[in-house]
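This report goes through a protein chain with a ligand. Please keep the sequence and the structure in view while reading.

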Amino acid sequence: MSGERKTGLVLGFSERDCSFCDKIFLMEEIISLCKRRGFIYQGSEIYGGLAGTWDYGPLGVALKRNIIREWWKFFVDSRDDMLGVDAAILMNPKTWVASGHTTTFSDPLIECEDCHGRFRADKIDLDAGCPTCGAKTWGEIRQFNMMFETNVGPVRDEDSVAYLRPETAQGIFTNFKNVVDSFYPDLPFGIAQVGKAFRNEISPRDFVFRSREFEQMEIEYFIDPTTWEENFEKLLGLTHEFLSQVGLPTTKIHELEVPDSERAHYSKRTVDIEFDFPIGREELLGIAYRTDFDLKNIERESGKKMEYRPKDGSAPFVPHVIEPSFGVERLIMAILTVAYQEDKIDGERRIALKLPEHIAPIKYLVSPLLKNKPELVTRAREIYDNLKTTGEPVMWDDSGNIGKRYRRADEIGIPHCIVVDFTTLEDDTVTVRDRDTTKQVRVKIKELTNVLND
Ligand code: ATP
């Protein structure tokens, strides 16, 4: 990349001479902002880190929770055909025998015989040589199981082996009968779960994109097999609607029909929703028609019937399933790359995280114009305390000058900055500054919450 900093990557204020460099630059800027401002830190950083793990700081955890809350609201709370569960992460190992994970949940591992670097054979160009040292002396490709193994109980032997779940889906399938017995929902219905999943990825990479510990938001939507096509379309449509609600532009979202040769043998249709990340077009989430594969496996392994008794009295059957599977980290990364924008304000470079207001970690910043004027500080404190009682996330900032406070607020995506100045003392109005336009308006304090809610 040329020496001069490129600005306006998203807004297009400057010419790009190398889109590849720009993308790398954008990713690096986002990672650096995430660390600097307390969104995402490297896991166990203080001890040199642990590859593939990430810790969420105060703003990151707020952003993540907001995204999960919106997902749950959209797919569960606002619908009458979805129920939620929260299953244990440690499950009886038979779960993974039934699902096939113990035998088939593996990636092709290849080792460079020169530097002993290990890579996923399907993710690198073997002919181009080792990505670390350039040598072309490869060992044999072997299958590497990605489940993390542990032992349950005080005795470490074969019988105590258990796995950290590599997906949340099986915690839903294993509770299918429980939920049907408790609720007897009408078919079709979905069971949703949000939670941690663990995969011993061969090469964790690209920030949180490929982590070893991550979070999934999954739905198993149980259907009558004769209706699979319409239900698939319905869930695909809902998925697009949700992605646009969290601010992802349709131009960056692409459907990839996974071809027969790459689909799991039991799946009749799989669509990967890909996103134009700065690292390239990559899978954001997947939707798969999994037929009755999982429930039938559980029947076989547990000896218990997984049938659904239709309410019209017709013959019981094992429902088929359509599974939308979202990765929280990839969604966060997509949202951040869209939100991250640079422009120039009064000739100065500005970074703004233009997050949709409903997922922004902090909604309001309250500030007295001057820190050393007690009359301004007292009024600002009153407003801050009042906003706090609404339950909305509010931040206080009285350090540095007002320009610096605005820059900091823009960088962490606060949509509204409320400033108490000398005019406030005369007419009970405050300045409200909008993050995206930087426009300022004066608002009566007593109308503040109404105006902000509008
Ligand atoms: P990939 O092909 O990228 O390895 P996958 O097809 O194995 O992904 P799924 O098993 O379908 O992924 O998991 C569903 C979703 O979980 C993915 O679309 C992604 O959003 C998320 N996910 C999977 N693996 C990881 C990971 N290692 N780190 C972060 N998110 C992940």
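Helices (H or I, at least four residues) and strands (E, at least two) are DSSP runs, numbered from the N terminus. The model is predicted, so local features need pLDDT of at least 70 and side-chain atom pairs count only at pLDDT 80 or more, while totals for chains, interfaces and linings use all residues. Residues are numbered from 1 along each chain as its sequence is written, and side-chain values use heavy atoms, with hydrogens and water left out.

Arg 79 lies in the loop between helix H2 (58–77) and strand S3 (82–84). Its relative accessibility is 25%, so Arg 79 counts as partly exposed. Here buried means under 20% relative accessible area, exposed means over 50%, and partly exposed is in between (1.4 Å probe, protein chains only). The side chains of Arg 79 and Asp 81 are joined by a polar contact of 2.8 Å. A polar contact is a pair of N or O atoms within 3.5 Å; within protein, one must be able to donate a hydrogen and the other to accept it, and residues adjacent in sequence count only if both atoms are side-chain atoms. Leaving out residues up to four places away in sequence, Arg 79 touches Phe 74, Lys 234 and Leu 238. Contact means heavy atoms within 4.5 Å. The C-alpha atoms of Arg 79 and Gly 190 are separated by 10.0 Å, and these residues are 111 residues apart along the chain.

**Helix H7**

Leu 238 also belongs to the buried residues of helix H7, which are Trp 228, Asn 231, Phe 232, Leu 235, Leu 236, Leu 238, Thr 239, Phe 242 and Leu 243. Seen down the axis of H7, these buried residues fall within an arc of 165°, so they line one face of the helix. The arc is that of the directions from the helix axis to the C-beta atoms. Helix H7 (residues 228–245) has 18 residues and spans 26 Å from its first C-alpha to its last, close to the 26 Å expected at 1.5 Å a residue. The expected span is 1.5 Å times one less than the number of residues in the helix. After H7 comes Gly 247, whose phi is positive, near 95°.

**Helix H10**

Helix H10 (residues 374–389) has 16 residues and reaches 23 Å from its first C-alpha to its last, close to the expected 22 Å. Its buried residues are Leu 376, Val 377, Ala 380, Ile 383, Tyr 384 and Leu 387. Because they cover an arc of only 130° around the axis, they are on the same side of H10. Pro 374, Asn 386 and Thr 389 are exposed on the other side of H10. The packing partners of the buried residues of H10 include strand S17 (364–368), helix H12 (422–427) and helix H13 (448–453). Just after H10, Gly 391 has a positive phi of about 85°.

Arg 290 is found in strand S13 (residues 280–291). It counts as buried because its relative accessibility is 8%. A polar contact of 3.4 Å joins the side chains of Arg 290 and Tyr 266. Glu 329 lies in helix H9 (residues 328–339). At 4% relative accessibility, Glu 329 counts as buried. Among the residues that Glu 329 touches, not counting residues up to four places away in sequence, are Tyr 56, Lys 64 and Phe 214.

**The ligand**

The ligand is surrounded by 16 residues, and the closest are Glu 201, Arg 210, Ser 211, Glu 283 and Leu 284. A residue is near a molecule if one of its heavy atoms lies within 4 Å of it.

| Side chain | Ligand atom | Distance |
|---|---|---|
| Glu 201 | nitrogen | 2.8 Å |
| Arg 210 | oxygen | 2.8 Å |
| Arg 330 | oxygen | 3.0 Å |

Taken alone, the ligand exposes 600 Å², and the protein buries 81% of that. Accessible areas come from the Shrake-Rupley method with a 1.4 Å probe; for residues, only the protein chains shown count as cover.

**Backbone angles**

Most residues other than glycine have a negative phi, and most peptide bonds are trans. Ser 44 is not a glycine, yet its phi is positive, about 50°. Asp 346 has a positive phi near 50°. The peptide bond from Leu 187 to Pro 188 is cis, with omega near 0°.
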